[in-house]
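Here are a few notes to go with the model you asked about. Have a look at the picture first, then read on.

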Amino acid sequence: MNHNHKNHNNNRTPHFKKCHRRTEQVEIQVQDDRTGMDAVTLKRALLDNLYYIQAKDQNFATAHDYYMALAYTVRDRLLHRWLKTVEQTYLPTDIKVLCYLSAEYLIGPQLGKNLMNVGLYEEARNILQELGFNLYDILEQENEPALGNGGLGRLAACFFDSLSSLEMPAIGYGIRYEFGIFQQVIQDGWQIERPDRWLRFGNPWEIPRLDYIVEVQFGGHTQSYTDERGRYQVRWIPERTVLGIPYDTPISGYQSNTVNSLRLWSAKASEDFNLQIFNSGDFTRAVADKVVSENITKVLYPNDQNYQGKELRLEQQYFFVSCSLQDMIRNYLLNHDSFDGFSEKFAIQINDTHPAIGIAEMMRLLVDVHQLDWDKAWNITQNCFGFTNHTLLSEALERWSLDLFGYLLPRHLEIIFEINSRFLAQVRLKYGEDNEKIARLSLIEEGWEKKVRMAHLACVGSHAINGVAALHSELLKKDLFPDFYELFPQKFSNKTNGVTPRRWLLLANPKLALLITNKIGKIWIKNLDELKQLESLANNTYFQESWWQIKLENKQDLAEYIVQTTGIDINPDSLFDIQIKRLHEYKRQHLNILHVITLYNRIKENPHLDIVPRTVIFGGKAAPGYLRAKLIIKLINSVANVINHDPDVGNKLKVVFLPNYDVSLAQRIYPAADISEQISTAGKEASGTSNMKFAINGALTIGTQDGANIEIRDRVGAENFFQFGLTAPEIAQMKVQGYNPWN
C-alpha cells in the first residue's frame, strides 16, 4: 500500500475553525468531530451520536445506547483509512488483492478491538467514567456476529486482523446470515438450540452497498446455440433469480493505515410481493418468493439431514460465491477492457470446500457471460484459485448428488462434466487405461447415487493446495489426495494456521500483555518472534511473581463468571484444566470426561487422597443434527452434577460445562487456563487453533502428536509439553491389527 498519506496517520491531523469574539479575533484549534482523536473531541462526538443517531439524551440513554454511540464514533475514525485503502489498493491496476472466500467468519466483538487498534481504548474508558459508565459494561452490550461454527471461521477472522495489521490488501467475502450459529442453552444437562438474533438491535459496523447489488440465478435449463462467429455457446435459462445485497464491515489493523473490507452478502427476492395474488386473498402466496429467496441467508449451516437442508446448503454456497465473483469482475472491468491481467489482480483463496463451486462459476462467467474461449478461461481460473483444505475426515469432504446439483445448477453441472472430461483425458495420457486410478481422480463419484466431489473440483481447478499444519499437509499427500499429489506434486504445500496476538493476548489478557510490554517493548504485538526475549526472564523472581499474580486474578475473574452463569462455586487456587472446542468424537471430550470419572473414583476410594485440587472446564457446541455429540454434552453435565454435589469430594474436583461458547467467552477463558487439553485422535485434527490461544496465554499443553500440537512442542521444547496418546502411525498400525475400543 502507498504510505505517502502520512498526514492522515492515526487521523491526528487537526482541522481548524475560526471563532470570532467581539473584541478580538482568536484562532482556536478544534478537531473535527468525525476524525478528531483528543479526549474533548471524542466526548463531544460520542454525545452527538447519542443524540442524533440514537435519539437519546443523557437522561434516558441506556448502556446499549452508549455502546451504539461509541461504536459509531469509532467507525467514523476508521472511515478515512478505509476509503483510502479502497482508493489506493483495490482500484489501482498494479496492486494484487487477496479475495478470501469463506462460508464462516467468527470475527467476534468489534468495539474493543477497534478501540485498541486506533489507540483510543484508555481515552474511551476515561470518557465513559466521566459519564458514569464503565467501559467493560459498555463492551458487554455488543452482540457478536456468530457467523461461524469453530476454527474455520475464527481462522478467517485472525487472517484479516493480521492482513490489515501488516497493511496487505484483502477483501473477505461471505454470507450475512440473519441468524448465526445458534445460542446454546443447557436444560437438564441437554443442549437446546435457540436462534441467534445478533442483528435484532442493529449493527453499527456494517454499511449496505445498495449500488453493488448483483443477481444470482437458480434452476431452469440450458439451451445451446451457435453465435454470429460460428462458435458453440450455451445459454442458461434460470427458473428464479435472487438478489445479492452486499454489506461491508471495516476490518482494522493494529496501529495501521490499512482498513480492509469484509463484504457479506444478504439474499433478497427479485420480486418480493405479488399484488395480484395478494388482492385475490392468498396473502401467504403473495410473499412466497420473498420467503424462499431470503431463506438462503437466513441461518448458518441449516441441518442437512434431509433433502431440503441439503438443497439450502448448496444454494447458500453458490449464492455467496456467485455474488463475490461477479463483484470482482465488476471491480476489475472498471479499469480494464480485457481479462488478460485478471489473475495478476486477484488471488482467490477458497477456505475449505464450501466455496469450491466458485471454480465452475468462474468458468461460466468467463465463457458464457464474457465470451472467452474455454482454454483461456481455464488458464485464468487455475491461476486465480488456491485451495485450503481443513479436514482429514473423508466424510467431511462435500459431495453433492447429481440430481440435486443438476436441479439447482444445470449449467454448472455441464461445466463440471466438461472439466472432468478434459482432466481425465490428461490422466489417461499419463497413466493409460488405469480404471481404478481414473475412478479415484474423477470429479464424479460413481455408485448407486452419483455425486460431484467438491474437493476434487478444488484440486483440479486451483494452482495451489495447502494443508494447515505440517502433519496435516503430509497426510493430505499420503492419505487424502495421494493420486492428486502424484499427478500435481508442485501444487501442494503447507501453511500452518495461526492466531492473532492482538485479540488473544493484547485484548483478552491486558494485564499479561502490559507485563510483557514493560519488559520487552511493544514490537511483539506485530512480531511474535520477539517473545523469545522472555526466556531471559524465566528465572527472574519478580517476573515470576507478577506472572502468577496475573494468572490468579484472571482465574478469580473466570470463577466469578462461572458462579454467576452456572451457580457452581469453584476454587481459583485449583488447577484449571480446560477443553473448549466444538463437540466432535475425534476431539475426544468423552475421553476427558472418562478421565474425570477416574479421578472421582480414586477420591471416593480414598477420601483422604492428597491430590492437587482440579477444576475441569468444558465448553463447545454440538451440531444440531449430531446426536452423539449432544449425548456427550449430556454425559459431561450429568457427571458434573454428581461430582459437584458429593461432600466426599469437596473442592478437590469440580466439573463445569460453560454454555454458549463463543469469542467473547473464549476471551474470558484462555487467560485463566493452567492446562490446555488437546487430545484429538492423532491424524484427525487438521491443525487446531485453541492450542495456540492457550499457549500464548501461558497454559501448558496436554496433547497428542496431532495438528499444530507437534509444531508447538517443537517450539516450546518437549520438556514443556505433556505428550499423550498414540501417534498417527501407531494408530494406523493398530487399525491393521484390529482395534477394540473397550480394551
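**Notes on the fold**

1. The protein's secondary structure comes to 28 helices and 25 strands (DSSP runs, H or I of at least four residues for helices and E of at least two for strands, numbered from the N terminus). Its radius of gyration, taken over C-alpha atoms, is 28 Å, close to the 27 Å that the globule rule gives for 743 residues, so the protein is as compact as a globular protein of that length. That rule is 2.2 Å times the number of residues to the power 0.38.

2. A word on the source: this is a predicted model, where local features need pLDDT of at least 70 and side-chain atom pairs count only at pLDDT 80 or more, while totals for chains, interfaces and linings use all residues. Residues are numbered from 1 along each chain as its sequence is written, and side-chain values use heavy atoms, without hydrogens and water.

3. Six strands make an open, parallel sheet, ordered β22-β21-β20-β23-β24-β25; two strands pair if DSSP finds at least two bridges between them. β22 (653–658) and β25 (721–723) are at the edges, each with a single partner strand, so one side of each has no neighbour in the sheet. From one strand to the next the twist averages 20°.

4. Within this sheet, four bridges join β23 (residues 675–678) to β24 (residues 700–703), and Ile675 stands opposite Leu700.

5. Of the 743 residues, 54% count as buried (under 20% relative accessible area, 1.4 Å probe, protein chains only).

Technical notes. Axes fitted to C-alpha atoms, helices over the stretch in contact; angles between N-to-C directions. Buried < 20%, exposed > 50% of the residue type's maximum accessible area, 1.4 Å probe, protein only.
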